Amino acid sequence: MKKFMLFLFFGCSGFAQSEYPQDYFKNPLDITLVLSGTFGELRSSHFHAGLDIKTQQREGLKVYSAAEGYVSRIKISHFGYGKALYITHPNGYTTVYGHLQRLSDRLEAYIKECQYDKESFEVEVFPNSEELPVKSNEIIAFSGNTGGSGGPHLHFEIRDNQERPINPMLFGIDIKDSRAPFVSAVYAYPKDDAALINGKNERVPLRLIPQTNGSYEVEKITASGNIGFGITSYDKQDLAPNNNGVSNIQTFFNGNKSLEVDFKRFSFDESKHIKRYIDYGYFKSKRSRIQKLFIEKNNPLTLFKDAYDNGYIHIEDSTASVFKIRIRDYKGKETWVNIPIAGKNETLESLPYDAMQEKSLVYSNRSTTLKSNNITVNFFENTLYDDALIDFRVSSDTLHLHEDSIPLQKNFYINYDLSHYKDEHLDKLFIARLYGYYKKPSYVYTKRKGKVLSAGSKIFGTYTLAMDTVAPSIKPLNFQDKKWLSKYRYLKVKIEDELSGISKYRATVNGKWILMEYDYKTNTLVHDFNDNVIKDTKNELKIIVTDNVGNSSTFEAIFFRK
Ligand SMILES: [Zn+2]
């Protein structure tokens with residue numbers, strides 16, 4: 001009996017939580033915590049590494065240090081976390097604050113000095129432990145919407161000393177959540193050609209029957225051979241309508257544990273393999289993420305625990321089995337799905353019809369080169385997760401490279417040999433991906449070597465050559481030429497480039513570099529006169545903007561200040 005109790009104690013989640021200091025980190029905002037995103041939540045190319053905390057649809061809320069420590073990193077970038085602050089604490093953990101509008105006056109002065117020194121808005125610095133100490137509850141920044149943020153919020157992370165993000169809720173940060181997760185769909189998958197589900201050798205949607213107690217029954221299925229399951233499931237918290245991520249999923253086959261997926265901690269290296277975890281093809285066509293509760297080859301995710309036979313189950317003829325899925329949220333509230341399975345050896349209803357289209361085999365474990373006319377595509381080892389037959393066609397300068405339904409681990413490389421092109425236009429050409437319903441060309445970072453253009457991409461689809469001969473446009477937004485701007489706080493300019501996109505910008509006043517913050521979402525450049533670098537009365541403003549193929553525009557204006 002004693003032994004059994006001990007086993008239970010080590011197995012329960014309460015024990016796991018105590019390995020993280022409790023109540024050490026405080027809510028970084030002074031408003032009630034409401035989340036628009038949870039830890040581990042499924043995003044387009046990664047698992048969400050922190051909490052997205054709502055900021056009442058506005059910017060400028062005070063952000064407090066979650067505990068004492070020192071600023072160990074400041075990163076200002078156009079994309080990603082935008083303006084981000086990292087604070088390392090004496091207990092070895094680091095807290096991260098992202099999409100900030102601005103830093104506190106002291107930290108803002110520090111980073112502006114770096115920006116003026118490097119003559120760049122984008123900077124990344126790693127102050128030592130003595131430079132910028134921070135007290136607990138000190139105002140360190142103001143919340144914003146910078147970088148790849150789709151609306152005002154604070155992105156908050158806690159990382160361990162190996163840079164691995166951990167679910168902040170394991171540190172005792174509390175959120176109101178009285179509802180258990182809900183399930184919107186369940187699917188069965190055959191593992192191989194020999195497996196059948198309801199007579200089919202393909203992904204099969206299962207009929208969900210919600211029960212009054214919050215659990216779900218699934219209409220009985222027939223099956224034979226090796227199969228697995230996938231679900232779409234979310235958790236709603238009390239104070240927000242957002243569909244957030246769940247914390248833990250476990251599966252059981254006839255009472256025995258089959259697989260566990262645990263969203264407690266991961267490393268940034270593995271985060272991209274979310275493409276292998278979700279049903280990528282389904283997501284690309286239906287915009288809904290099925291979490292596959294089985295482990296296919298080349299899936300290195302450490303979120304999986306206790307996998308028996310990689311989460312697959314084997315169904316024998318004339319057997320009655322039950323597969324159960326338990327989904328938990330961060331409060332430990334749980335939802336069950338019961339799937340009764342009747343073993344039945346059937347013959348395949350209809351053989352999958354393979355269109356006579358020409359397909360090219362690309363291997364996952366060795367390199368493959370596809371070539372047609374002047375276009376070559378190179379796949380190196382481990383570019384794909386699995387061998388795949390892909391659609392490869394070339395018509396003049398357009399490359400049809402399958403469709404975006406197969407996930408890729410690494411870039412493949414497209415090379416265009418331009419020997420047959422006239423020299424005069426060569427430098428304005430770039431490789432573009434045609435995307436969306438309207439096949440809009442979008443710039444893919446293109447390198448040129450002599451008469452060969454190359455680009456790497458992780459997305460199957462249609463590529464072509466595009467030409468950009470039009471320089472970016474630069475328009476003043478809040479001022480006019482030859483005016484007095486003494487009372488102005490900001491100088492705002494709109495910069496845009498139609499085709500290849502903006503590559504760089506540089507603004508000077510009377511020949512001296514000035515900081516202009518670029519926001520790609522609003523196409524604006526903004527200078528803050530409070531930087532106090534413009535001290536003359538008569539000022540000549542000059543802004544040079546260059547696009548990705550090297551077309552450049554210059555804007556000049558004169559303004560006065562006293
Ligand atoms: Zn976030």
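This is a predicted model: local features need pLDDT of at least 70, side-chain atom pairs count only at pLDDT 80 or more; totals for chains, interfaces and linings use all residues.
Biologist: Which residues coordinate the zinc ion, and through which atoms?

Modeller: The zinc ion is coordinated by NE2 of His48, OD of Asp52 and ND1 of His155, at 2.0 to 2.2 Å. Along the chain these donors follow the spacing H-x3-D-x102-H. Asp52 belongs to strand E2 (residues 51-54) and His155 to strand E11 (residues 153-159), so this pair ties together parts that are 103 residues apart in sequence.

Biologist: Is Asp52 buried or exposed?

Modeller: Residues under 20% relative accessible area are called buried. Asp52 has 6% relative accessibility and therefore counts as buried. His155 is also buried, because its relative accessibility is 2%.

Biologist: In what order do the strands of the open sheet lie?

Modeller: The order of the five strands is E27-E28-E31-E35-E34, with antiparallel pairing. Strand E27 (368-372) and strand E34 (446-449) are the edges, each pairing on one side only. From one strand to the next, the twist averages 20 degrees.

Biologist: How many bridges join E27 to strand E28?

Modeller: Five bridges join E27 to strand E28 (residues 375-379), and the two run antiparallel. Within this pairing, Thr369 stands opposite Asn378 in E28. The two strands form a hairpin with two residues between them, and Asn373 in the turn has a positive phi of about 50 degrees. Elsewhere in the sheet, strand E31 (residues 412-417) pairs with strand E35 (residues 452-457) in the antiparallel sense over six bridges. There, Tyr413 stands opposite Gly456 in E35.

Biologist: What describes a pair of aromatic rings?

Modeller: The distance of the centres and the angle of the planes describe such a pair. The count for this model comes to 32 aromatic pairs. In one of them, the ring centres of Phe380 and Tyr413 are 5.9 Å apart and the planes stand at 55 degrees, so the pair is tilted. This pair links distant parts of the chain, 33 residues apart: Phe380 is in the loop between E28 and strand E29 (388-395), whereas Tyr413 is in strand E31. Phe380 is partly exposed at 45% relative accessibility, and Tyr413 is partly exposed at 33%.

Biologist: Which residues do ring pairs link into a cluster?

Modeller: The cluster consists of Phe39, Phe47, Phe263, Phe266, Phe268, Tyr277 and Phe304.

Biologist: Where does the charged end of Arg561 sit?

Modeller: The charged end of Arg561 sits over the ring of Phe529, 3.9 Å from its centre. Arg287 lies over the face of Phe283, at 4.5 Å from the ring centre.

Terms used: Residues are numbered from 1 along each chain as its sequence is written. Side-chain values use heavy atoms; hydrogens and water are left out. Donors are N, O and S atoms within 2.8 Å of the metal (3.2 Å for Na, K and Ca); water is not among the atoms, so sites may look incomplete. Helices (H or I, at least four residues) and strands (E, at least two) are DSSP runs, numbered from the N terminus. Buried means under 20% relative accessible area, exposed over 50%, partly exposed in between (1.4 Å probe, protein chains only). Two strands pair if DSSP finds at least two bridges between them. Axes are lines fitted to C-alpha atoms, for helices over the stretch in contact, and angles run from 0 to 180 degrees between N-to-C directions. Rings of Phe, Tyr and Trp (its six-membered ring) pair if their centres lie within 6.5 Å; planes under 30 degrees apart count as stacked, over 60 as edge-to-face and the rest as tilted. A charge sits over a ring if NZ of Lys or CZ of Arg is within 6 Å of the ring centre and within 35 degrees of the ring normal.
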